[in-house]
Amino acid sequence: MRTRFAGFLLAGLAIAAIGTVSVNSYGQPAQRKAGAHPGEPAGDMSAVPRQKPAAKKSAAKPGAKPSGGQPELTRPEFSAADQAAAQIPGMPDVRFWADSTTDFERALAGPPGPWLVLSTGGEEGAYGAGFLNGWSASGSRPQFAVITGVSTGALMATYVFAGPKFDEELRQGYTQISASDIFEVAATPESLADAWPLAKLIEKRVTPEILSAVAAEYAKGRRLFVVTTNLDAGRPMVWNMGAIAAHGGDAGLKLFRQVLLASASIEGLFQPVYITAEANGHQFQEMHADGGATGPLFFGPVPYLMPNATKRLPATDLYALVNGKMSSEFYMPTRTTAGVLGRAITVALKAGGRLEIALASLVAKRAGIGFNVTYVGDDFEQVGRGLFDPKYMTALYDYGYAKGRGDDRFHNPLSMARPQQPTASGGPPPESAPK
């Protein structure tokens, strides 16, 4: 579930992942296996963005002091009491702690309806984008009462919440980008790569038009929740994106973009995002980063997902979309720190995702809520060359689109608990679980 050790795993992921994009030292073929974790070999350098000239690197923040030739980045100090009382200036109703059942229930103002839960996954989000657009094209995609998103799931959640009018923008967002649109291979004082291209991409694609569309759906009682990790507090935070959009103006648009960027900024790999908050008569900068540090999906506060839970999610149906494969695949890690660590992280994160899905499905069954899950099947065998390879992402989008448009778009969640065993031919067995 959403445990503390995930933060350490993602810190390791940052180290492993940057190894795959800065040097190709694994002695592996210059290809990326379909569904491979970023900590595993990513391919050749042709897919990696060039480093900007040194003169263009970010300058030290105001108040920085030299230390050993490197800028010392500082922030105004604030206390745990300040954090507990902190609010966004002028927007007191736009967020709550992910472990607060009271605030969670208060934020859910609309009537019960189907929920959509979108996972982390990076470039594997191309599957989710294709699936959702294929489902929309089938004419059977419901209007979700609540949509939650973490990391790449947060980015696509905005388009889905705003409505089918933005399906084309969703497609473009996952088929017309490359690694140079996401990061620069250049370390910053706070990260191993620079995510300024992702910030620019979000600024370009999250327009005032989309903000207005999100605000209109929020006014109908629908909810869009995005998760970040507040690194100062060490807790996941849920942002009510519709409430932010309803505030509108430059401040609302800026905060909306900041939250999306933070939710997708992997700790250590990308620099954190600083969000201005205020409490006890002064303002300060909170440090926010990838919501995936505390779990790949967000169904609700932990008390709702415990085996003995007395609280019931106010949903008529739950639809969970996992951006990636969930099966255990045979793979020989290289004898390097990054190779071993990357493989270990892959195994741990997949196991955590399967556990979260299993718990949510059991809770839904006990409450009489329909539960559906989809993920990349073992029949997808496309290989990619490097991270965010456009050809790989387009193929994954097309695969997801066909899956979403078909009648067998969902899997049996219990099948995720069974590890894949190789057949006599060495490949994975066909899925036998009902769809």
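Visitor: What is a salt bridge, and which side chain meets that of Arg75 in one?
Guide: A salt bridge is a side-chain nitrogen of Lys or Arg within 4 Å of a carboxyl oxygen of Asp or Glu. In this predicted model, the N to O separation for the pair in question is 2.8 Å, which lies inside that cut-off. The partner of Arg75 is Asp232.

Visitor: How many residues apart in sequence are the parts that Arg75 and Asp232 tie together?
Guide: Arg75 belongs to the loop between β2 (70-72) and α2 (80-85). Asp232 belongs to the loop between β6 (223-230) and β7 (235-240). The pair therefore ties together parts whose separation in sequence is 157 residues.

Visitor: Is Asp232 buried, partly exposed or exposed?
Guide: Buried requires under 20% relative accessible area and exposed requires over 50%. The relative accessibility of Asp232 is 32%. Asp232 therefore counts as partly exposed.

Visitor: With which residue does Lys311 form a salt bridge?
Guide: Lys311 lies in the loop between β9 (282-290) and β10 (315-325), and its partner lies in helix α3 (residues 101-107), so the pair ties together parts that are 206 residues apart in sequence. The closest N and O atoms are 3.0 Å apart. The partner is Glu105.

Visitor: In which helix do Arg171 and Glu168 both lie?
Guide: The side chains of Arg171 and Glu168 meet in a salt bridge at 2.6 Å, N to O. The two are three residues apart, about one turn of the helix. That helix is α6 (residues 167-175).

Visitor: Are helices α5 and α10 parallel, antiparallel, perpendicular or oblique?
Guide: The axes of α5 (residues 152-162) and α10 (residues 249-263) come within 7 Å and cross at roughly 140°. Roughly antiparallel would require an angle over 145 degrees, and roughly perpendicular one of 65 to 115. The arrangement of α5 to α10 is therefore oblique.

Visitor: How many charged residues has the contact of α5 with α10?
Guide: Helix α5 contributes Ala154, Leu155 and Thr158, while α10 contributes Phe256, Leu260 and Ser263. By class, four of the residues are nonpolar and two are polar. The number of charged residues is therefore none, given that Asp, Glu, Lys and Arg make up that class.

Visitor: How many residues has the largest nonpolar core?
Guide: In soluble globular proteins, nonpolar side chains tend to be buried together. Those with the most contacts inside the largest core include Leu132, Phe183 and Trp239. The largest nonpolar core has 75 residues.

Definitions and conventions: Residues numbered from 1 in each chain as written. Predicted model: local features only at pLDDT ≥ 70, side-chain atom pairs only at ≥ 80, totals over all residues. Heavy atoms only, no water. Core = buried A, V, L, I, M, F, W, Y, C linked by side-chain atoms within 4.5 Å. Buried < 20%, exposed > 50% of the residue type's maximum accessible area, 1.4 Å probe, protein only. Axes fitted to C-alpha atoms, helices over the stretch in contact; angles between N-to-C directions. Helix = DSSP H or I, 4+ residues; strand = E, 2+ residues; numbered from the N terminus. Parallel < 35°, antiparallel > 145°, perpendicular 65-115°, else oblique. Contact = heavy atoms within 4.5 Å.
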